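This briefing sets out side-chain contacts, pockets and one record annotation for the structure shown below. Please read it alongside the sequence and the coordinates.

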Amino acid sequence: MLEPLASPLHLVLVSPQIPPNTGNVARLCAVTGCRLILVEPLGFSIDDKNLKRAGLDYWDKVFLKLYPTYDAYVAEYPAARRWLFSARAQTSLYAARFQAGDHLVFGSEVTGLLPEV
């Protein structure tokens with residue numbers, strides 16, 4: 001049985017809308033040991049054929065957790081170090097100093113992260 005890394009990065013997708021994008025992130029998580037967190041509402045079913053096609057046969061190797069809301073996700077990880085990604089960020093990705101266990105949070109492909117996040 002596959003064991004997760006002791007302190008992997010967590011890739012958090014908030015309300016993803018495009019199945020192949022999420023499938024590609026799942027594949028990345030499978031090969032790197034990162035955890036995948038999906039926050040609803042999703043723009044597709046998790047059983048979507050496009051999602052599975054993009055993830056190929058890696059889904060059984062993905063450490064996936066699904067949350068009904070962003071607040072539910074935050075409640076489970078209240079002390080997590082979160083990096084919020086935005087096209088309008090003031091700090092460059094390259095200036096970040098990631099640490100094991102960090103949460104990398106990405107918004108919807110359509111709207112990005114909502115202001116309340």
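Buried means under 20% relative accessible area and exposed over 50%, with partly exposed in between, as computed with a 1.4 Å probe on protein chains only. By that definition Cys 29, at 1% relative accessibility, counts as buried. The model is predicted, so local features need pLDDT of at least 70 and side-chain atom pairs count only at pLDDT 80 or more, whereas totals for chains, interfaces and linings use all residues. Residues are numbered from 1 along each chain as its sequence is written, and side-chain values use heavy atoms, with hydrogens and water left out.

**Cysteines**

- A search of the whole structure finds 0 disulfides, a disulfide being a pair of cysteine sulfur atoms within 2.5 Å.
- Cys 29 takes part in no disulfide, and the nearest cysteine sulfur, that of Cys 34, is 5.3 Å away.
- Seen from Cys 34, the closest cysteine sulfur is the one in Cys 29, and the separation of 5.3 Å is too far for a bond.
- Cys 34 is also buried, with a relative accessible area of 10%.

**Salt bridges**

- The structure holds 3 salt bridges, each defined as a side-chain nitrogen of Lys or Arg within 4 Å of a carboxyl oxygen of Asp or Glu.
- One of them joins the side chains of Asp 60 and Lys 61 at 3.3 Å, N to O; Asp 60 counts as exposed at 62% relative accessibility, while Lys 61 counts as partly exposed at 38%.
- Another is formed by the side chains of Lys 65 and Glu 76, at 3.7 Å from N to O. Because Lys 65 lies in strand E3 (residues 63-67) and Glu 76 in helix H3 (residues 70-76), this pair ties together parts that are 11 residues apart in sequence.
- Helices (H or I, at least four residues) and strands (E, at least two) are DSSP runs, numbered from the N terminus.
- Both partners of that pair are partly exposed, Lys 65 at 36% relative accessibility and Glu 76 with a relative accessible area of 42%.
- Arg 81 and Asp 102 meet through their side chains in a salt bridge of 2.8 Å, N to O. This pair links distant parts of the chain, 21 residues apart, with Arg 81 in the loop between H3 and strand E4 (82-84) and Asp 102 in the loop between E4 and strand E5 (103-106).
- Arg 81 is partly exposed, with a relative accessible area of 34%, whereas Asp 102 is buried, with a relative accessible area of 1%.

- About 190 Å³ of space lies in the second largest pocket, and about 230 Å³ in the largest pocket.
- Of the 15 residues that line the largest pocket, the closest to its centre are Val 14, Tyr 70, Leu 114, Glu 116 and Val 117.
- On a 1 Å grid over the protein atoms alone, a pocket is an open set of points where a 1.4 Å probe fits, with protein on both sides within 12 Å along at least five of seven lines, and lining residues have an atom within 4 Å of a point.
- Grid points are joined across faces, edges and corners, and a volume is the space filled by probe spheres set on the points.
- The residues lining the second largest pocket include Trp 83, Phe 85, Gln 90 and Phe 98.

**Record annotation**

- According to UniProt, in an unreviewed entry, the annotation "binding site" covers Gly 107; such annotations may be inferred rather than shown by experiment.
- Gly 107 lies in the segment after E5 and counts as partly exposed at 22% relative accessibility.
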